[in-house]
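Here is a friendly briefing to read alongside the structure. Please keep the viewer open as you go, and look up each residue when it comes up.

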Amino acid sequence: MFTRSAPCLSKRFRYNTKYPALVSYNKLPWEILNHETPEFHMHVAPHYEQILTLAAATFVPHLVSQKHLEVLPEHRLRLLPGMLYMLDGDDTPEGFTANHVVDPTALQYYGRLESLFGSVKAVRILISDDLRLICNSVTLQGPLRLPVAPYASLASLEAVTRKPGNYFTLFHFVRPNRPPSELQLEKYYLHVPCASSLAEFASTSNTKWEPKLQAPKRSKRVTPLPAYRPPQSYLMGLAERLAVVPGSSFGRRSLMWGHWF
């Protein structure tokens with residue numbers, strides 16, 4: 001009496017995948033850092049230079065550690081992202097697999113670390129067993145070319161002071177496939193405002209401050225037109241017949257600007 005029919009959506013009511021209703025702006029592909037590409041090292045290497053410069057000049061709390069941090073597996077994803085510390089040696093933390101970075105395009109961003117601090121022996125990407133955390137480790141060999149203050153954080157490393165031939169490693173934990181704003185390295189910068197422009201208000205020589213106005217410099221010279229060059233191809237006809245001006249768009253819109261010149 002009744003026929004069995006499978007429910008299905010018609011073509012009109014299919015889910016629209018080309019124009020989705022919900023757009024996740026924090027997951028746009030051009031805002032995500034892939035740790036397997038050189039763009040990841042392009043973002044983190046300048047921050048490491050700032051951190052080592054700061055650690056060589058002053059004491060940075062919780063930057064130098066004696067051993068790897070022991071965090072329970074259920075709390076790793078909450079506590080480790082954004083964590084950065086340095087210790088002697090190049091031991092791999094527990095639960096991570098090391099992958100050496102051998103791409104010269106990625107290693108070129110550590111050139112300033114090589115010239116300012118010490119020889120960079122290895123750059124490794126450590127991936128956790130559950131693939132939810134990555135750690136970028138940079139191993140350097142002492143002695144440092146930068147002078148280190150006796151009260152600075154780097155002075156507590158044996159590879160810097162007592163055994164200059166040994167290694168010390170910088171470990172930086174991040175979440176994979178996240179935008180560069182989640183690197184969380186801005187806390188190692190000194191955000192001090194520059195008040196040199198306000199010193200003129202407090203000067204005793206000028207009792208009354210007057211703004212210094214500069215009139216715009218106008219010139220009557222007109223930039224000459226570029227020298228005419230004959231067209232390299234006549235695929236769309238003669239350029240003289242089409243009244244083509246060098247640098248302008250002409251012909252079909254599929255042609256590029258200034259294609260003939």
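**Overall picture**

The protein's secondary structure comes to four helices and five strands. Please bear in mind that this is a predicted model. Reading from the N terminus, the elements run α-α-β-β-α-α-β-β-β.

**The protein as a whole**

- Of the 261 residues in the protein, 31% are buried.
- The protein exposes about 19,400 Å², and carbon and sulfur atoms supply 57% of that area.
- Among contacts with a separation of 6 or more, 67% are between residues 24 or more positions apart.

- You will find histidine 41 in helix α1, which covers residues 38–57.
- Is histidine 41 buried or exposed? Its relative accessibility is 2%, so histidine 41 counts as buried, the cut-off for buried being under 20%.
- The side chain of histidine 41 makes a polar contact of 2.8 Å with the side chain of tyrosine 110.
- With neighbours within four places in sequence set aside, histidine 41 is in contact with a list of residues including His35, Pro46, Val101, Ala106 and Tyr109. Tyr110, Val123, Ile125 and Asn136 are also among the contacts of histidine 41.

- Isoleucine 125 sits in strand β3, made up of residues 119–128.
- Isoleucine 125 counts as buried because its relative accessibility is 6%.
- Beyond the neighbours within four places in sequence, the contacts of isoleucine 125 include His35, Phe40, His41, Thr97 and Ala98. Asn99, Val101, Cys135 and Asn136 are also among them.
- Isoleucine 125 and serine 137 are 12 residues apart along the chain, and their C-alpha atoms are separated by 6.4 Å.

**Salt bridges**

- How many salt bridges does a search of the whole structure find? The search finds three.
- As background, side chains of opposite charge can pair when their charged atoms come close.
- One of the salt bridges joins arginine 112 and glutamate 49, with the closest N and O atoms 3.0 Å apart. Arginine 112 belongs to helix α4 (residues 111–116) and glutamate 49 to helix α1, so this pair ties together parts that are 63 residues apart in sequence. Glutamate 49 counts as buried because its relative accessibility is 16%.
- Another salt bridge links lysine 67 with glutamate 70, where the closest N and O atoms are 3.7 Å apart. Both lysine 67 and glutamate 70 are exposed.
- Glutamate 182 forms a salt bridge with arginine 178, and here the closest N and O atoms are 2.9 Å apart. With 28% relative accessibility, glutamate 182 counts as partly exposed, whereas arginine 178, at 14%, counts as buried.

**Aromatic rings**

- The structure holds three aromatic pairs.
- Which residues do ring pairs link into a cluster? They are Tyr85, Phe96, Phe171 and Phe173.

**To take back to the viewer**

- Start at histidine 41 in helix α1, then look across to tyrosine 110, its partner in the side-chain polar contact.
- Stay with helix α1 to find glutamate 49, whose salt-bridge partner is arginine 112.

Notes:
Residues numbered from 1 in each chain as written. Predicted model: local features only at pLDDT ≥ 70, side-chain atom pairs only at ≥ 80, totals over all residues. Heavy atoms only, no water. Helix = DSSP H or I, 4+ residues; strand = E, 2+ residues; numbered from the N terminus. Buried < 20%, exposed > 50% of the residue type's maximum accessible area, 1.4 Å probe, protein only. Polar contact = N/O pair within 3.5 Å; in protein donor to acceptor, adjacent residues only side chain to side chain. Contact = heavy atoms within 4.5 Å. Phe/Tyr/Trp six-rings, centres within 6.5 Å; stacked < 30°, edge-to-face > 60°. Salt bridge = Lys/Arg side-chain N within 4 Å of Asp/Glu carboxyl O. Areas by Shrake-Rupley, 256 points an atom, 1.4 Å probe, with all protein chains shown as cover.
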